[in-house]
Amino acid sequence: MSLSPLKSYTPRKRVLPNITTPGQYSTPKTVRGAQPAFGTPECFSKVLLETPKSSTKRDKEKCDEECNLRVAVRIRPRNISELTIVGSEDIIRVKDKQIIVCLPKNNHQTVCVDHTFNYDYVFWSVDETNPFYSKQEDVFVTLGVPLLNSAFKGFNACLFAYGQTGSGKSYSMMGKNMCELNDIDSEDFSGIIPRFCRELFKRTSDLRKECTVSIEVSYFEIYNEKIHDLLASQTQTAPRIALKVREHPTLGPYIVDLTTHTVNSYNELRNFLIVGNKNRAVASTAMNEFSSRSHSIFTIEIGQSKTLNDTDNSKRSKVSLVDLAGSERLGSTNNKEDRMKQGVYINKSLLTLGKCISALAEQKKNNFIPYRESVLTWLLRESLGGNSLTSMLATISPSSTHLEETLSTLRYACQARTIVNRARINESPHDRLIRELRSEVERLRALRQDYERRSSCSHSISFNDSNSSNIEMEDIKTKLSMSENKLLEAQQMWKQRFMESRETQLKELAEAEKYKAELESKVRLLNNVSEDVCLSPYRTNFLEELEDVLTSQKENNVCNSWVEDVKEWCSENGLICTYNSETLKIVDNVNGKHTLLPLKNLKLQANNKISDFLGTLKWTDNHSEKRLTKSEMVSSLNQIYQLLDNLKPDDNENNLCLLYAKLNMTLQKFETALLNNNGKNCKTVTFNLES
Ligand SMILES: Nc1ncnc2c1ncn2[C@@H]1O[C@H](COP(=O)(O)OP(=O)(O)OP(=O)(O)O)[C@@H](O)[C@H]1O
């Protein structure tokens with residue numbers, strides 16, 4: 001039996017009466033007095049956009065994978081300049097989830113024309129006295145909490161804020177004074193991002209009892225198609241490095257060298273937020289008028305892996321919280337014609353975002369979506385038209401001063417609402433199968449219970465009814481038993497696979513442990529045998545280098561045993577033989593000569609007779625010796641200490657003990673003076689004799 005297929009949700013197509021493209025809106029007859037001198041701008045045209053119905057509850061339950069892009073609009077309070085401009089007035093009315101834009105009339109009364117838009121949510125934040133006023137917390141609960149829920153289920157999630165400069169995007173996303181430690185957590189001002197992060201850690205502390213949770217964050221901005229890491233350590237004077245985007249064959253686009261940071265607490269994460277915001281603020285000040293032209297993207301990756309016997313293995317989700325650049329037209333010139341011409345060419349990323357949203361909204365199969373035309377859309381490809389549950393927050397001003405921009409934002413947001421994304425839980429296909437079978441079994445069990453309850457209650461049921469009920473009941477029972485069998489099979493297969501992979505892992509671990517032990521013993525050997533092993537910092541393969549050193553060390557060991565023989569032979573024949581890891585020195589004090597030999601040459605002579613070998617050496621007159629090396633000095637001093645040790649008198653010979661102690665002290669002083677003078681070009685060493 002196959003599983004009943006998930007019912008896919010198809011949004012209702014937009015109905016645009018008399019409208020074929022967004023540029024062809026007809027001019028409403030009702031508008032008077034507001035016509036600008038250069039013709040009818042788009043914003044004064046009639047707007048009648050019927051937006052698709054959002055997924056119903058039933059759809060949501062069955063189809064956790066297909067969902068419309070959810071769109072919310074927030075209206076901020078009027079600012080000082082909007083309050084003081086003569087003729088400026090509020091043009092926004094809200095009715096439930098509907099926004100009505102009223103055009104100003106000449107006689108200062110407002111008349112409502114049919115500029116009506118429907119959204120999933122509307123937040124009225126204009127005046128706090130209004131009973132429907134939406135605070136920061138309300139916006140978070142409506143938009144942020146569902147994203148967090150989705151992220152914990154293993155879905156990718158994205159929220160992006162769109163609107164003209166100063167319309168309240170950053171206020172909604174991050175909050176007021178987002179660089180300040182106290183404000184970022186303030187109940188009144190804290191925005192969606194800090195609230196999201198606080199709630200994330202609140203929930204993970206409970207979740208950590210049953211599974212391992214990892215949280216990684218990154219924060220970057222895109223300005224003029226260049227990516228800057230906001231969490232990379234940087235100084236104000238050094239130029240910021242632009243990062244590149246590359247495409248991974250399976251993981252998709254990624255930013256090369258973007259720093260990601262593992263965080264274990266909200267406080268840790270908050271520090272990163274503040275650092276990122278400050279870095280953004282620094283850059284904005286440097287760019288001055290371009291402050292609102294960068295997009296900032298804060299990403300949180302959540303990994304969850306459950307412990308051994310549980311079949312819900314591991315999930316990973318990525319949450320992107322995006323504060324887009326201001327969408328206003330470039331007002332560098334007062335020439336209105338120029339302004340119109342410049343149109344939306346304010347920001348390549350925003351322009352491409354618009355194109356992508358239009359193309360996605362058309363919902364045509366094989367429709368080309370120009371993601372690659374800008375860095376922002378390339379990076380947000382999955383969030384916009386793929387594996388992500390995405391929401392958009394459009395922010396507007398209530399003032400008539402920004403009518404054009406407000407209508408443009410509202411249209412854009414309306415269009416985005418028609419995008420349908422197909423999100424899936426980021427898990428292994430096997431985990432997915434088990435999860436689906438489980439929910440199917442649960443559904444059938446509930447159905448069976450329902451039937452059983454009903455049949456036990458209804459005594460007055462007619463024969464025909466009871467017959468058909470029995471058939472249905474039998475059908476459910478068969479389906480249930482088949483699903484249960486399948487689930488059992490899948491679980492057994494999972495367990496077997498788990499055991500197999502665990503076995504392989506354990507084997508690999510044992511191998512690694514063995515190798516580690518081998519390596520450790522080699523390193524210990526190295527430390528014992530020679531103090532002078534020096535690993536080059538320029539060689540990348542440490543193990544290879546270690547092998548080389550050890551090979552030469554092995555050779556040295558052979559050589560060392562032969563050197564020991566030489567040393568013994570020398571002491572028997574009145575010569576002093578000393579050596580370190582590099583050189584062998586033999587001093588013939590009787591004849592006043594010595595010889596120095598690099599040890600690496602010795603292996604060639606290892607089979608020679610010692611007397612013959614010494615005969616082949618080149619001897620130097622002792623008087624022509626330049627200077628002792630430090631290790632030679634230490635070695636000679638050690639020999640003296642050893643000799644002195646042999647001379648140690650018995651404890652009862654008091655005078656001798658005193659003399660011995662003085663001799664010892666003198667030798668120590670001599671040693672200190674000698675070593676302190678080593679390296680200096682002096683021929684005499686001064687020290688006080690013990691009196
Ligand atoms: N809902 C709100 N309640 C109170 N003040 C708000 C609200 N939204 C925005 N503001 C205020 O309006 C001003 C502009 O807001 P904000 O900086 O968030 O705009 P923006 O859209 O992010 O601008 P830009 O695109 O230039 O970055 C700020 O002083 C902010 O405090």
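Helix α9 passes helix α12 in a left-handed crossing, a term applied when the near helix is turned anticlockwise from the far one by less than a right angle, the clockwise case being right-handed. The structure is a predicted model, in which local features require pLDDT of at least 70 and side-chain atom pairs count only at pLDDT 80 or more, whereas totals for chains, interfaces and linings use all residues. Residues are numbered from 1 along each chain as its sequence is written.

In general, two packed helices are described by the angle between their axes and the distance between the axes. The axes of α9 (residues 348-362) and α12 (residues 403-416) cross at roughly 45° and come within 9 Å. The arrangement of α9 relative to α12 is therefore oblique. Axes are lines fitted to C-alpha atoms, for helices over the stretch in contact, with angles running from 0 to 180 degrees between N-to-C directions; angles under 35 degrees count as roughly parallel, over 145 as roughly antiparallel, 65 to 115 as roughly perpendicular and the rest as oblique. On the α9 side, G354, I357, S358 and A361 meet Y412, Q415 and A416 of α12 (contact: C-beta atoms, placed from the backbone, within 7 Å). The residues of this contact comprise four nonpolar, three polar and no charged, where Ala, Val, Leu, Ile, Met, Phe, Trp, Tyr, Cys and Pro count as nonpolar, Asp, Glu, Lys and Arg as charged, and the others, Gly among them, as polar.

Helix α3 (residues 136-153) and helix α6 (residues 192-207) pack with their axes 10 Å apart, at an angle of about 45°. These two helices are therefore also oblique to each other, and their crossing is right-handed. V139, F140, L143, G144, L148 and F152 of α3 meet I192, R195, F196, E199, L200 and R203 of α6. Eight nonpolar, one polar and three charged residues make up the contact of α3 with α6.

Over the protein, 18 helices and 20 strands are assigned (DSSP runs numbered from the N terminus: helices H or I, at least four residues; strands E, at least two). Of its 691 residues, 26% count as buried (20 or more other C-beta atoms within 10 Å of the residue's own; exposed, 12 or fewer; partly exposed, in between; C-beta atoms placed from the backbone). Among contacts with a separation of 6 or more, 65% involve residues 24 or more positions apart.

Residues up to four places away in sequence aside, A413 touches V71, V73, Y119, Y162, M392 and A394.

Most residues other than glycine have a negative phi. D96, although not a glycine, has a positive phi of about 55°. This residue lies in the loop between β3 (92-95) and β4 (98-104) and is exposed, with 8 other C-beta atoms within 10 Å. D257 likewise has a positive phi, near 70°, and is found in the loop between β11 (252-255) and β12 (261-262). D257 counts as exposed, with 10 C-beta neighbours inside 10 Å.

S314 lies in strand β14 (residues 314-323) and is partly exposed, with 15 other C-beta atoms within 10 Å. The C-alpha atoms of S314 and G303 are separated by 7.4 Å, the two residues being 11 residues apart along the chain.

Conventions
Two residues are in contact if their C-beta atoms, placed from the backbone, lie within 7 Å.
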